[in-house]
Amino acid sequence: MNWRYRHAVLTLCMLAFFVTYFARLAISPVVPLIIDDFGVSNTAVGVALSGMWFAYGLSQFPSGILADRYGERRVILVAVGGTTATSLLLAVVPVFPAFVLAAVLLGLAAGLHYAVATTLLSRTFDDLGTAVGIHSLGGPLAGLVAPVAATWVGFRYGWRPGVALAALVGVPIFALFARRVRPTEPRRPEQPMAERLRLAPLLELVGRREVLVPLAVATLGTYVAQGVISFLPTFLVELRGYSPAFAGGVFSAFFVVRAGAQVGLGRLSDRLGRDASIAAALLGGALGLGALVALPGLLRLPTAVGLPALPAVAGLGVAVFLAGLGSSFFSAIDPRFMDALGDAERGAGFGLIRTVYTVIGSAGSVGVGLVADLLGWAASFAVIAGMSGLAFLVISANAVVGGGR
């Protein structure tokens, strides 16, 4: 496989991930318009979005089984095409129950991509951490573009065109992927699907120490990352007194850091080892989130000025940089799972692992919001800082005691 083709596959996998992430993020900025149009509550829209994210996590496991049966290329094309189609469906639904159903279908389609693309890259690259880091850039890039684009289009032309933006990027990327990526041979084309769903082999796989320990770490880290992505701007506005515009700028900076850190951390994991890289990211996340909570003197917005003073900007910049580093641990831990799986297990096995930690970790949005309602934003972010620290201790102890297994 020549250099140009391998990197074309990597680029197109990243763009496919961009599409699936863009479609999910394009909804949140226009939620107020959706509420007004359908005449529903915040809770009702929250149920629709929770259903979408839950479906996204749930479809990771069957995506691996489908890839083993039909090949990774076909599944990724279904993911991108399905995401594009359901984004359009979401934009034209006439009633709110249909909106909820379309949101769930969007999550199911988008969730087919990531685990399968990682498996495809494991076939294509020896430096898997670097490849996964570059592939994961699709998420932060969508985080930079989708909210801004959806907000501008949504408040100018209505929420339906804002949500449908995903189709504008989805159609050309689908065509490019279909044209440039060659068909991939399925690993288990003849094995009945029912055999892949037997409970005992699944429990044996996730129960292995070399899988179970990083799975616990990934679940904790996903919970933390989900909470930060959901509520960092709100935290800065409610607790620190920053303006919504400034908090939005900080949030964009968080995604910029995350984008760069994912590539760097993936490469670092290829050079220095997976566990050391994961531990470095999680420790940075714990320190960054702790700084957001524990440094009110530096991070408080001066009310007489209207903009942060220089010490506040510097302190906030360091804290956000470390928090962004913490949320980039996926580009080291996903190759860690692939290292622990045999070639024949990587399709369904990695899909199962992704389903477990994505579904459980998605509770971070609910958990952070609940603690904030009960105890305040400082306590809420202190809790996830502690969880990141706990994940750091678990992976560090495993590296010392078990030699990284």
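Let's start with T130 and what it touches: once its neighbours within four places in sequence are set aside, T130 is in contact with G266, R267 and D270. T130 itself belongs to helix α8, which covers residues 128-136. Buried or exposed, then, for T130? Its relative accessibility is 9%, so T130 counts as buried, the cut-off for that class being under 20%. Keep in mind as you look around that this is a predicted model.

Now zoom out to the whole chain. What is the fold built from, in terms of helices and strands? The count is 21 helices and 0 strands. Of the 405 residues in the chain, 56% are buried, and T130 is one of the buried ones. The contacts of T130 with G266, R267 and D270 also lead on to the way the chain meets itself. Taking the contacts with a separation of 6 or more, 83% are between residues 24 or more positions apart.

Next stop is helix α18, residues 330-340, where you'll find R336. Which backbone atom lies 3.2 Å from a polar atom of the R336 side chain? That would be the backbone oxygen of E210. Helix α18 also carries M338. With a relative accessible area of 0%, M338 is buried too. Have a look at T119 from here: M338 and T119 are 219 residues apart along the chain, yet 8.0 Å separates their C-alpha atoms.

On to the aromatic residues. The structure holds 16 aromatic pairs. One of them joins F17 and Y21, an edge-to-face pair with 5.5 Å from centre to centre and 75° between the planes. F17 and Y21 are both buried.

W53 and Y56 make another pair: their ring centres are 6.1 Å apart and their planes meet at 75°, so this one is edge-to-face as well, since angles over 60 degrees fall in that class. Both residues belong to helix α3 (residues 42-58), with a spacing of 3 residues, or about one turn of the helix. What about burial here? W53 has a relative accessible area of 21%, so it comes out as partly exposed, just past the 20% limit for buried residues. Y56, at 5%, is buried.

R24 lies over the face of the Y56 ring, 3.8 Å from its centre. So which residue lies over the face of Y5? There it is R182, at 3.7 Å from the ring centre.

To finish the tour of the rings, find F38, F96, F99 and W159, which form one aromatic cluster.

Definitions and conventions. Residues are numbered from 1 along each chain as its sequence is written. This is a predicted model: local features need pLDDT of at least 70, side-chain atom pairs count only at pLDDT 80 or more; totals for chains, interfaces and linings use all residues. Side-chain values use heavy atoms; hydrogens and water are left out. Helices (H or I, at least four residues) and strands (E, at least two) are DSSP runs, numbered from the N terminus. Buried means under 20% relative accessible area, exposed over 50%, partly exposed in between (1.4 Å probe, protein chains only). Contact means heavy atoms within 4.5 Å. A polar contact is a pair of N or O atoms within 3.5 Å; within protein, one must be able to donate a hydrogen and the other to accept it, and residues adjacent in sequence count only if both atoms are side-chain atoms. Rings of Phe, Tyr and Trp (its six-membered ring) pair if their centres lie within 6.5 Å; planes under 30 degrees apart count as stacked, over 60 as edge-to-face and the rest as tilted. A charge sits over a ring if NZ of Lys or CZ of Arg is within 6 Å of the ring centre and within 35 degrees of the ring normal.
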